[in-house]
Structures are given as structure tokens and as C-alpha cells.
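Look at the model first, then read the points below.

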Amino acid sequence: MTLANKVTLTSLAAGVDETGVITGSGTVTIGEGDTALAVTASLNYTDAKNHTVTLTAATSGGTWKPANDVSIPLASASGTYVVTNGAKNMNFTVVGSDVTPFTGLKLVAPQIKATATCADGAACSATVNVTANAEVTLGSTATTGSLTGTFNLDTKSASFTASLGTVPVVAGLSVTSASLNVTSTNMGSANATTTVTLSGSMTAFDKTVTASASFSKAGVVLSADLPEIAPFGASGPVF
């Protein structure tokens, strides 16, 4: 049963009561292939233009993979898909568990929301938005920012951003005006790519320079665009 483009209700076990209303349960799948998000749901079906699907729980052991090496364990699911006289209204929320996909990056309480509002007879596509608290650690202290973004079900690509402010590195050295960017393309394909970068500024030897950090399973690489500096004063050596 298709709810919207790339959103389906499958594995339906149902029965009919004495009034002709069909009730049952199944699996709602958002997306397809390796990037699909699956949760359990119930169905109350009067006719093709009047029915309701209600999310009941996250699939046991289920995960969702919006980017390479980012696999979010699913904790709970709620929300409804209501069709009234043919008009469709979807408002699904799936909550994930905390996950640390890379050294120095932790996603806390991630939420996936799939929404759609479609007129009777119109093509219907869902918008998938993702929010989480992103904890970034470059030294010994974590900095938290609100991560937001979207996942495109058609292209299997995503873009997420978070503003973090100041991220400490070591005593006396921080990345300021820091922002985190996560982009993924062609998820589930052999040519899938994911980049996770932090950008901002650093002040070293009284010089403010551009700084960036890249995150991977292997660790965090911090770099800065250093100009000529004179740590020993104008009469000393210049580096």
C-alpha cells in the first residue's frame, strides 16, 4: 500500500469487522534499499479515500543510515497518516538513540520527521527532516549545537548543518564561529560519499586564521591556514 512517493505500508496482517472496516498491522517503510527506515504501524481502513495509519513502535533492532558510517539505532516511533475524503496528511516522527559515528562527533537524541500534505488525486511526496544535538570534541571538552537538515528520498542524499560557537582545542586555543556540515550523496550505491567538516577561525600568535576539521572513523584532522607569523617579535625570525 503506497502512502506517498517511496513511503509504503507492507507486510500487512488484517481483518474485517462486521461494519466492513479493515484493521490490522504492518510495516511502514520510508525510503528504499539500504537507506530505508522501517517501523511498525497499525491500519484502520474504511475505504480508499478514508483511512488512517498510525505508527506504533520502532522495528526491533532497526537502524537508519542517512550517511556512510552514520547508522542511527531506532528507539521509538509515533504519528499518523490520515486520509480524509482523499486528502492526505502525514506526520511521522521516529526517535533514535544516541550514536557516535566518528571520533569527536556524537549525535544526541536524533529525530527523523516525515511529513506530507497532499490534495485528493495529487501526487504525494514526503519531506524528511532530521534534527539532533551534535556534540563536537576537538580537545577534552565537548561543545553542543543543534543539527538540522533534510534527507532527499529520491536522490538518497542529505545535508545537515549545526552552529557550534566556540570549540576548545587545547588551553588557550579554540575554534570560534564554528559550524559543522555533514553531506552525503548516492547513499546505498557503490559511489556513495559522505563528508563531515567543521569550519571556523582560530587565533594563534595574534593572528586570526581560517581553521577546519575533518571527521572520520580514523580520527579528527584539524588544519589552519597560517600566514607568516613572527612569534619572537618583528626583529626575530618569521615563519
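**Cavities and chain build**

The lining of the second largest cavity is made up of six nonpolar residues, with no polar and no charged ones. The model is predicted. It holds two cavities of 30 Å³ or more.

**Second largest cavity**
- Its volume is about 30 Å³.
- Ile30, Leu37, Trp64, Ile112, Val128 and Leu153 form the lining.

**Largest cavity**
- The largest cavity has a volume of about 120 Å³.
- Its lining counts 15 residues. Val70, Leu107, Leu147, Phe160 and Val182 lie nearest the centre.
- By class, the lining has 15 nonpolar residues, no polar and no charged.
- Five strands each give at least two lining residues: β6 (63-67), β7 (70-84), β9 (99-102), β10 (105-118) and β11 (127-137).
- β10 supplies the largest share, three residues.

**Overall build**
- The protein chain has 17 strands and zero helices.
- The radius of gyration is 23 Å, well over the 18 Å that the globule rule gives for 239 residues, so the chain is more spread out than a compact globule.
- Along the principal axes, the C-alpha atoms fill a box of roughly 95 × 35 × 30 Å.

**Burial, contacts and surface**
- Of the 239 residues, 37% are buried.
- Among contacts with a separation of 6 or more, 39% join residues 24 or more positions apart.
- The chain exposes about 11,500 Å², and carbon and sulfur atoms supply 51% of that area.

Note on methods. Residues are numbered from 1 along each chain as its sequence is written. This is a predicted model: local features need pLDDT of at least 70, side-chain atom pairs count only at pLDDT 80 or more; totals for chains, interfaces and linings use all residues. Side-chain values use heavy atoms; hydrogens and water are left out. On a 1 Å grid over the protein atoms alone, a cavity is a set of points where a 1.4 Å probe fits but cannot get out, and a pocket is an open set with protein on both sides within 12 Å along at least five of seven lines; lining residues have an atom within 4 Å of a point. Grid points are joined across faces, edges and corners, and a volume is the space filled by probe spheres set on the points. Helices (H or I, at least four residues) and strands (E, at least two) are DSSP runs, numbered from the N terminus. Ala, Val, Leu, Ile, Met, Phe, Trp, Tyr, Cys and Pro count as nonpolar, Asp, Glu, Lys and Arg as charged, and the others, Gly among them, as polar. The radius of gyration is taken over C-alpha atoms; the globule rule is 2.2 Å times the number of residues to the power 0.38. Buried means under 20% relative accessible area, exposed over 50%, partly exposed in between (1.4 Å probe, protein chains only). Contact means heavy atoms within 4.5 Å. Accessible areas come from the Shrake-Rupley method with a 1.4 Å probe; for residues, only the protein chains shown count as cover.
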